[in-house]
Each structure stands twice: as structure tokens, then as C-alpha cells.
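Here is a short note to read beside the model. Please keep the structure open while going through the points.

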Protein chains: 2
Amino acid sequence: MQTLHLDLGDRSYPIHIGQGLLQQTELVRPHILGKSAVIVSNTTVAPLYLQAAQQLLDGLKQSAVTLPDGEEYKNLDTLNQIYTHLLEQKADRKTTLIALGGGVVGDMTGYAAASYQRGVNFIQIPTTLLAMVDSSVGGKTGVNHPLGKNMIGAFHQPRCVLIDTDTLNTLADRELSAGIAEVVKYGLIRDPAFLQWLDANMDKLLVRDPAALTYAIYRSCEHKAEVVAADERESGQRALLNLGHTFGHAIEAAMGYGKWLHGEAVATGMVMAAELSQQMGWLAADDVAYVRHILRRARLPVAPPVEMSGDDFMRYMSVDKKVLDGSLRLVLMKSLGESIVTAEFDTEALKRVLSRNS
Amino acid sequence: MQTLHLDLGDRSYPIHIGQGLLQQTELVRPHILGKSAVIVSNTTVAPLYLQAAQQLLDGLKQSAVTLPDGEEYKNLDTLNQIYTHLLEQKADRKTTLIALGGGVVGDMTGYAAASYQRGVNFIQIPTTLLAMVDSSVGGKTGVNHPLGKNMIGAFHQPRCVLIDTDTLNTLADRELSAGIAEVVKYGLIRDPAFLQWLDANMDKLLVRDPAALTYAIYRSCEHKAEVVAADERESGQRALLNLGHTFGHAIEAAMGYGKWLHGEAVATGMVMAAELSQQMGWLAADDVAYVRHILRRARLPVAPPVEMSGDDFMRYMSVDKKVLDGSLRLVLMKSLGESIVTAEFDTEALKRVLSRNS
């Protein structure tokens with residue numbers, strides 16, 4: 001087992017990564033302060049891992065709520081199912097919530113923990129690669145609104161993140177690839193050497209080689225923890241982690257949540273960001289081709305859905321959380337391995353990138 | 001005009017109290033950091049004061065959303081109306097929300113501000129006595145769940161509280177009395193001299209004597225600011241401000257939100273807390289009679305609804321936010337002007353107090 005620490009003063013917490021961690025009670029118990037816990041999972045993950053998670057809590061008052069699976073359920077209605085369960089169980093301010101599942105379960109459980117009785121503790125047990133390398137670390141929680149992704153939420157840090165890499169053995173291939181998109185992202189924004197490693201080890205990741213997966217997860221969490229420790233509430237460099245996300249969120253919202261996986265939309269969004277970076281004169285054509293190449297190797301889509309026009313993109317991008325005082329800001333690449341957040345891009349070039357389908 | 005400061009480090013803010021403040025643009029503008037603002041009000045207050053509030057924002061991009069009036073609308077559905085408005089207006093992270101109304105508008109606007117895009121600024125302009133002396137100060141925000149009051153929410157401090165006492169001239173008598181319940185509360189928990197002042201000046205408050213009202217508001221806000229500055233997130237003495245509230249919340253939830261005004265339920269709850277304090281041997285019969293006397297003088301109810309049994313109370317009280325690890329804690333009175341939070345009460349005595357109707 002390897003352990004990273006996210007350093008946030010009195011809100012610091014450990015990230016444990018390894019095989020068989022769902023059997024190691026002593027990792028979780030110190031982070032449960034009261035006498036009761038509620039596990040939140042979904043219909044896909046609960047049949048596989050709920051029993052193991054319940055054993056972690058042996059001796060505590062515990063219950064579980066199982067949500068429908070999918071990004072299309074990441075909304076206020078599903079969130080309310082968690083609140084109702086907590087109230088029916090008479091959960092109080094010392095209750096600890098446990099998120100057992102992928103990014104949707106983690107984001108919703110975290111937001112329920114942030115808002116139930118104005119805030120209770122929670123623990124992340126991510127079971128998808130995407131949740132392990134990105135969403136379970138850093139305290140961003142929330143739900144979608146029909147008009148925009150993650151528009152309702154809070155910063156609320158977990159007490160502990162428990163990454164049992166064994167759970168990846170039951171992950172669908174498409175979900176594995178979607179997770180790799182966020183791994184590639186760390187290479188593109190801040191680590192050219194990691195990008196080369198990914199290129200050399202992509203086949204191992206796709207066949208779920210444990211050592212390769214563990215290294216990719218560890219390195220990704222290390223990047224995430226460094227960035228979040230420096231800028232918890234995204235007033236500066238944390239926004240770099242959104243490379244490809246402004247384009248990607250527009251795809252997810254326009255196509256209907258759940259049609260494109262988040263990682264798939266982000267992969268395509270990173271290609272679009274690369275294309276705009278090329279138009280700005282920052283990336284060479286070869287660089288953009290390399291971005292497409294590495295994402296294609298991960299079996300990810302690299303072109304936006306044919307149904308979406310440039311106007312569709314503009315409509316959804318105009319409510320992105322990186323808009324400030326009316327100006328859209330984007331994460332673009334100065335080179336492979338170095339990204340910036342900027343509102344200083346050529347609007348005509350953006351429109352060309354967005355309108356390649358039309 | 002008088003100004004108090006709530007001291008919370010980098011989240012400190014001023015509370016301005018006086019006549020005609022809705023005409024004083026310079027009080028509000030320094031607290032609006034971006035270029036846009038959204039006013040949230042309700043169908044009762046908007047016809048009276050929305051135009052004045054809009055003039056405060058002259059020159060900014062602004063819009064308004066008008067909610068239905070009443071505690072029964074303080075829920076996730078109404079909150080979602082605010083989110084939808086914000087997204088339709090393409091409100092970004094630098095948008096400032098303005099709560100123009102009573103406690104329901106203030107709590108919901110504050111919670112929308114806490115959660116929209118993971119947090120934007122907001123300003124409180126309370127127009128009811130209850131909101132002026134209690135809910136607009138201190139950063140408690142949230143909505144109700146059918147199973148419990150204020151069960152979903154956040155601590156999120158406003159940037160400024162603007163109390164224009166002229167707005168009390170349009171307040172319904174019943175709402176004025178409900179506000180006085182929270183004023184009496186400060187006397188009962190920490191200020192015997194204020195209790196005497198209230199007894200001597202109750203008639204002036206009821207006929208809306210401006211000097212008496214301003215003094216009562218100022219003194220109440222001073223108490224609130226002191227308590228919140230010492231214990232922002234209610235780990236200790238802030239819980240004292242909930243005198244009568246555990247009983248009162250049960251009344252509001254059991255009767256259906258909006259049937260009893262919050263202040264009316266709190267008044268009755270304070271009488272019940274006094275009765276239990278008497279059973280504990282802390283208050284004399286005369287003290288309890290005095291609590292009833294001063295609340296009756298404010299034209300407030302002093303007995304629970306006849307429809308509610310002791311079991312009804314227990315059911316709703318068991319999900320109170322002051323329950324910790326399964327133990328109910330109550331605010332009780334050691335003497336008139338001194339209260340404590342305790343789980344060490346006689347359960348049989350509590351049942352007697354709760355069952356007086358049955």
C-alpha cells in the first residue's frame with residue numbers, strides 16, 4: 001500500500017492506494033468520529049462491494065442507500081433521496097457518510113455530506129479509475145442542473161480516500177478508458193515525462209496490469225494533491241485541472257447527461273483545446289496529432305458529436321464556472337505538458353474549432 | 001444610522017441599522033465585487049421594496065427572481081427556481097445575490113449563494129423583524145425537508161446586512177409579534193436587564209415606536225454578533241440561540257410548514273423549555289409564569305397546538321440538529337437570563353411537558 005497526504009491544514013487527509021484495502025478495517029475506522037455511518041452506493045457497485053464496505057463498519061450503527069447508476073441521475077432529485085434516507089435513519093451531525101462508487105456517487109455523497117445539517121464528515125471509496133485519479137480527491141462536490149454541469153455544489157473535503165485497485169477488475173472497458181482521459185490530462189497540463197510514460201504503457205493500462213495501474217493512479221493523485229494543496233478553492237492554478245472540461249461539459253449537457261461518459265467528453269474537449277492552442281500558435285500540428293494519438297490509443301473519442309453545432313457549444317459554454325464577469329476563460333496548452341488559463345484567445349479561432357462539424 | 005461589526009476574520013461584515021437605508025446606495029455598493037447582481041424576493045415584499053432595491057444596484061447588470069411567500073415554500077423545489085434563474089441569466093462566480101425579504105427569503109438566498117457554482121457572495125436586506133434580529137445575521141442558510149426543518153444547508157456569511165427599519169411599517173401585526181419572540185429569546189438566554197426593558201417597552205414595540213424598535217433590533221444584533229463571533233459553526237455556545245427551537249421546529253414540521261409562524265412556534269417552545277427547567281428545579285413557578293406573561297404581552301401563543309401529542313413531539317424532535325450520537329440535547333434555563341445546552345435532563349419530566357395536551 002502507498003499513502004499520499006493532501007496537505008490542507010486542519011482539513012488534511014490521507015489517500016491510501018493498494019490492493020485489498022476494502023478488507024483493511026484499520027484504515028477507515030480512525031476517520032469515523034461518531035457511532036454511526038451511512039454508505040451511499042449505486043445499483044452497479046452495491047452488488048459487488050457493499051458487503052465488504054459494510055464489514056469495514058462492523059460494530060457501528062450503519063445503513064446503506066443505493067442510487068440509480070449514471071450521470072443522468074446526478075441531480076437534486078437523487079440528492080434528495082440521500083437526505084430522506086438520512087432523516088429516516090435519524091442520522092445526526094456526527095454521522096459519517098461513505099461514498100462507495102464512481103465520480104457520480106462521490107460527488108453526490110460529498111455534497112450531501114456538505115449540506116446535511118450544514119455539514120457532516122464523509123469518506124471516499126472510489127471504485128472507478130476516473131474517481132480514483134480525479135473526483136475523489138480535492139473536495140469538489142455537487143450535482144448537475146439541466147442547464148449546466150456541477151452548477152450546484154460545495155467545497156467539502158473527505159476525511160480519507162481509500163483506493164482499492166482490486167475494484168478496477170470489475171470496471172467496464174469503456175469506464176476504464178474514460179478514467180484514462182483524466183490521467184492523460186495530468187501529463188498534458190504539467191508533466192511531459194508522465195505523458196511519455198503513458199504512451200509507452202498504454203497497452204498495459206488497457207489490460208489492467210496492476211503495477212501500471214497503481215503507478216498511474218499514484219502519480220495522478222500526487223499531481224491532484226499538489227495542485228489542490230496550493231489552491232483549494234480554485235482561485236488560480238487549480239483551474240488548470242479543467243483542461244478540456246469547458247468543451248466537455250458542453251458536450252455532456254447538450255447530448256443529455258449520461259450519453260457521453262465524462263472522461264469521453266473531456267478527451268474530446270482536450271483535443272479541441274489543443275486545436276485552439278494550435279490556432280493561437282502555441283502548439284504545432286504534430287503536437288495536436290500527438291494528443292489525438294494518445295487518446296485514440298486509450299480508445300477515447302477525439303471529435304465532438306456530429307449533432308452539435310458551434311452555436312450549441314457557445315450556448316452551453318457561456319454558463320461555465322470559469323466565466324468571470326461575463327468573460328469566458330479557457331484552459332489552453334502552451335506546449336505539451338504546460339497549460340494556462342486565459343481569457344485572451346481569438347474568438348474567431350474558437351468559433352472555427354467549435355464549428356468543425358457544421 | 002448605527003453600525004455593528006460581526007468579527008469573523010476575513011469573513012467579517014457590517015450590520016447597518018437605521019431609517020431610510022434602502023435609499024443609501026453607498027452602503028451596499030462596496031460589497032458588490034463583480035459587475036452583476038440578482039435580487040431574490042417574494043410576492044409580498046417585491047411590490048413594496050423591489051424598485052428601491054433595484055435603484056441601489058443602478059448601473060450594474062441586474063435581474064430579480066420573485067418566490068412564493070411562506071415557510072411552506074422553503075424547500076428544494078423553490079431553491080431550484082433560484083438556480084434556474086441564475087443559469088438563465090448566465091450568472092457567474094462573481095455575481096452577488098441580494099436577499100430582500102424575511103427569514104425564508106434570506107435563508108434560501110443565502111443557501112443558493114453558498115451552493116451556486118460552489119459559492120458566490122450575498123447581501124442580506126431583511127424586511128421582517130424576525131429576519132432583522134436573528135436570521136439575517138450569522139450565516140446560517142438552508143431549506144427545510146418534509147422530515148425536518150433546516151435539515152439541508154450551509155454556513156455562508158453575507159458580505160453586509162442592511163436593516164432599514166422603515167420596512168417594518170408594512171409588516172403584518174402577526175409577523176411583528178413573531179419577531180418579538182426572537183428578541184425576548186436574547187433576554188431569556190443572556191440578558192436579564194434586556195428582559196426588563198422589553199417588559200417595560202412592549203406596548204411601544206407593538207405600536208412600532210421607531211426608537212423602541214431600533215433599540216430592540218440593535219441590542220438583539222449585538223447579542224447575535226457576539227455569540228456568532230465566538231462560535232461561528234455552533235460547536236458550543238451558539239446552540240444557546242436555539243432556546244425554544246427544538247420544541248418549535250417540531251411544531252412547525254408537525255403542523256405543516258407555514259401554519260405556525262417560526263416566531264410563534266419558538267415562543268411556545270420557550271414556554272415548554274421553561275416548564276422543563278422548572279421540573280428540573282432550576283426555575284420557580286413564578287419564573288415560568290413570567291415567561292408566559294411577557295410572550296402573551298407580545299401577543300404570542302404560549303401553549304402547543306392541541307392536535308399534537310407527546311409522541312408527535314418526540315418523533316420530530318428525534319431528528320433535531322442538536323441530537324449527537326443519538327442523544328437529544330436541549331437548551332434549558334438555569335434562571336431567567338441564563339441558559340445552558342444539556343443532554344442531562346429527566347426524560348420522564350420531558351414527556352410530562354410534551355404530553356400536557358394528551
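This is a predicted model: local features need pLDDT of at least 70, side-chain atom pairs count only at pLDDT 80 or more; totals for chains, interfaces and linings use all residues.

1. Domain contact in chain A. Between them, domain 1 and domain 2 of chain A bury about 3,200 Å². Carbon and sulfur atoms account for 65% of that area.

2. Helix 6 and helix 10 of chain A. Look at residues 173-190 (helix 6) and residues 262-279 (helix 10) of chain A. Their axes come within 7 Å and cross at roughly 40 degrees. Angles under 35 degrees would count as roughly parallel. Helix 6 and helix 10 of chain A are therefore oblique to each other. Their crossing is left-handed.

3. Residues at that crossing. From helix 6 of chain A, the contact uses Arg174(A), Ala178(A), Ala181(A), Glu182(A), Val184(A), Lys185(A) and Leu188(A). Helix 10 of chain A answers with His262(A), Gly263(A), Glu264(A), Val266(A), Ala267(A) and Met270(A). By class, the contact of helix 6 with helix 10 of chain A holds seven nonpolar, two polar and four charged residues.

4. Helix 10 and helix 11 of chain B. Which way do these two helices run relative to each other, roughly parallel or roughly antiparallel? The angle between helix 10 (residues 262-279) and helix 11 (residues 285-297) of chain B is about 175 degrees, and their axes are 9 Å apart. Angles over 145 degrees count as roughly antiparallel. Helix 10 and helix 11 of chain B therefore fall in the roughly antiparallel class.

5. Residues of that pair. Helix 10 of chain B contributes Ala267(B), Met270(B), Val271(B), Ala274(B), Glu275(B) and Gln278(B). They meet Ala285(B), Val288(B), Val291(B), Arg292(B) and Leu295(B) of helix 11 of chain B. The contact of helix 10 with helix 11 of chain B has eight nonpolar, one polar and two charged residues.

6. Chain B against chain A. Each side puts 39 residues into the contact. Chain B and chain A bury about 3,800 Å² between them, with 55% of it on carbon and sulfur atoms. Which residues of chain B lose the most area to chain A? They are Arg93(B), Arg118(B) and Asp325(B). Together these residues make up 23% of what the chain B side buries.

Note on methods: Residues are numbered from 1 along each chain as its sequence is written. Chains are lettered from A and ligands numbered from 1 in the order in which they are written. Side-chain values use heavy atoms; hydrogens and water are left out. Axes are lines fitted to C-alpha atoms, for helices over the stretch in contact, and angles run from 0 to 180 degrees between N-to-C directions. Helices (H or I, at least four residues) and strands (E, at least two) are DSSP runs, numbered from the N terminus. Angles under 35 degrees count as roughly parallel, over 145 as roughly antiparallel, 65 to 115 as roughly perpendicular and the rest as oblique. A crossing is left-handed if the near helix is turned anticlockwise from the far one by less than a right angle, and right-handed if clockwise. Contact means heavy atoms within 4.5 Å. Ala, Val, Leu, Ile, Met, Phe, Trp, Tyr, Cys and Pro count as nonpolar, Asp, Glu, Lys and Arg as charged, and the others, Gly among them, as polar. Buried area is the accessible area (1.4 Å probe) that two parts lose on being put together, summed over both.
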